Amino acid sequence: MKRTPHLLAIQSHVVFGHAGNSAAVFPMQRVGVNVWPLNTVQFSNHTQYGQWAGEVLAPQQIPALVEGIAAIGELGNCDAILSGYLGSAAQGRAILTGVARIKATNPKALYLCDPVMGHPEKGCIVPQEVSDFLLDEAAAMADFLCPNQLELDSFAGRKPQSLFDCLGMAKALLARGPKAVLVKHLDYPGKLPDGFEMLLVTAEGSWHLRRPLLAFPRQPVGVGGLTSGLFLARVLLGDSLLAAFEFTAAAVHEVLLETQACASYELELVRAQDRIAHPRVRFEATPIGL
Ligand SMILES: Nc1ncnc2c1ncn2[C@@H]1O[C@H](COP(=O)(O)OP(=O)(O)O)[C@@H](O)[C@H]1O
Ligand SMILES: Cc1ncc(COP(=O)(O)O)c(C=O)c1O
Ligand SMILES: [Mg+2]
């Protein structure tokens, strides 16, 4: 029997609703991965409500929890680490220490960094020191990097002029160390208004994917964490990077369709669970080159 992969997921938890781990853990479990959630913050709700209660985890807790897992002899079973929303740069550095510790135990373990940098206009609040940490330190250690357009712009230090420019910016990130860059959401001059577009860039090739843009009165939150989590889960389950990319686009689209049908602001993950595991839609990524 094939072994069930294990994934350490280090990102935010919200008591109500879905963002960070609260958007990613259940879908990753639903597709067949054992998830070890380590919550960087516990907030009452995501920050785009404009107010929240709760606390940021003390950074020293991250290596302490990793050591606790090592002490019971289980750290070598960790196949991958995912990091997303961080409460502080010190937490980020503690995660990189944890990644190094896990890779020393299991050199095959993969590290996916979702460089959540915040979006002040949308109300996604992340301290500036976290963005600086992601740009200067985390990208170099990541096997997979999953920026959205804003985050890709921050890495490149400029805005794109075209789709090919986005491709160039994502390819430039490969030189910093990652094996693959998944751009979760593209935005560039000339983009068709009725599509939601993504890019996958690897040393072997690059692919562009378009799915329909759905209308929401208020954009749902947590889609980034859902996207990076499902992508890593499918890679661990044995998909090629391209197959994991296409699966992720389809499963995320299914969740958004369910959410739209329910007229819900929060992602309808529980209702969409069978559609996550077995998406009915399929989007084919097309090769793209410079
Ligand atoms: N097919 C779609 N139609 C409409 N909105 C979408 C679709 N897919 C994703 N979204 C929304 O697009 C936005 C993507 O946000 P962005 O900041 O680029 O990424 P992230 O989710 O990482 O923060 C989110 O608000 C998400 O809810
Ligand atoms: C607590 C928390 N975690 C994570 C996120 C990131 O969400 P997404 O997955 O949409 O990037 C947000 C965005 O506001 C947030 O408030
Ligand atoms: Mg995001």
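Modeller: In this predicted model, a residue counts as near a molecule if its C-beta atom, placed from the backbone, lies within 6 Å of it.

Colleague: Which residues are the closest to ligand 1?
Modeller: With that cut-off, 15 residues surround ligand 1. By class, the shell has six nonpolar, seven polar and two charged residues. The closest to ligand 1 are Asn 148, His 185, Leu 214, Gln 219 and Gly 224.

Colleague: Which elements give two or more residues to the shell around ligand 1?
Modeller: The shell consists of 15 residues. Those elements that give two or more of them are helix H7 (223-236) and helix H8 (241-261).

Colleague: Which element gives the most to the largest nonpolar core?
Modeller: The largest nonpolar core has 88 residues. Leu 7, Ile 81, Leu 112, Ala 170, Leu 182 and Leu 232 have the most contacts inside it. The element that gives the most to this core, with 10 residues, is H8.

Colleague: Which residues does Ile 81 touch?
Modeller: Ile 81 is among the core residues with the most contacts inside the core. Leaving out residues up to four places away in sequence, Ile 81 touches Leu 8, Ile 10, Val 99, Ile 102, Ala 109 and Tyr 111.

Colleague: Which residues of strand S7 point the other way from Ala 180 and Leu 182?
Modeller: In a regular strand the side chains alternate between the two faces of the sheet. Strand S7 spans residues 180-183, and all are buried. Ala 180 and Leu 182 point one way, and those pointing the other way are Val 181 and Val 183.

Colleague: In which sense does S7 pair with strand S8?
Modeller: With strand S6 (residues 144-145), S7 pairs in the parallel sense over two bridges, and Phe 144 has Ala 180 as its bridge partner. On S8 (residues 195-202), Val 201 stands opposite Val 181. S7 and S8 pair over four bridges, and the sense is antiparallel.

Colleague: Against which elements do the buried residues of H1 pack?
Modeller: Helix H1 (residues 21-30) is mostly covered, with seven of its 10 residues buried. These are Asn 21, Ser 22, Ala 23, Ala 24, Val 25, Pro 27 and Met 28. They pack against strand S1 (6-14), strand S2 (34-43), H7 and helix H9 (273-277).

Colleague: Over residues 72-256, how far apart are the end C-alpha atoms?
Modeller: An unreviewed UniProt entry annotates these residues as "domain: Pyridoxamine kinase/Phosphomethylpyrimidine kinase". Over this range the chain is 44% helix and 16% strand. The end C-alpha atoms are apart by 40 Å.

Technical notes. Residues are numbered from 1 along each chain as its sequence is written. Chains are lettered from A and ligands numbered from 1 in the order in which they are written. This is a predicted model: local features need pLDDT of at least 70, side-chain atom pairs count only at pLDDT 80 or more; totals for chains, interfaces and linings use all residues. Ala, Val, Leu, Ile, Met, Phe, Trp, Tyr, Cys and Pro count as nonpolar, Asp, Glu, Lys and Arg as charged, and the others, Gly among them, as polar. A residue is buried if 20 or more other C-beta atoms lie within 10 Å of its own, exposed if 12 or fewer, and partly exposed in between; C-beta atoms are placed from the backbone. Two residues are in contact if their C-beta atoms, placed from the backbone, lie within 7 Å. UniProt positions are given in the numbering used here, feature names are shortened, and annotations may be inferred rather than shown by experiment. A nonpolar core is a set of buried Ala, Val, Leu, Ile, Met, Phe, Trp, Tyr and Cys residues joined through C-beta atoms within 7 Å. Two strands pair if DSSP finds at least two bridges between them.
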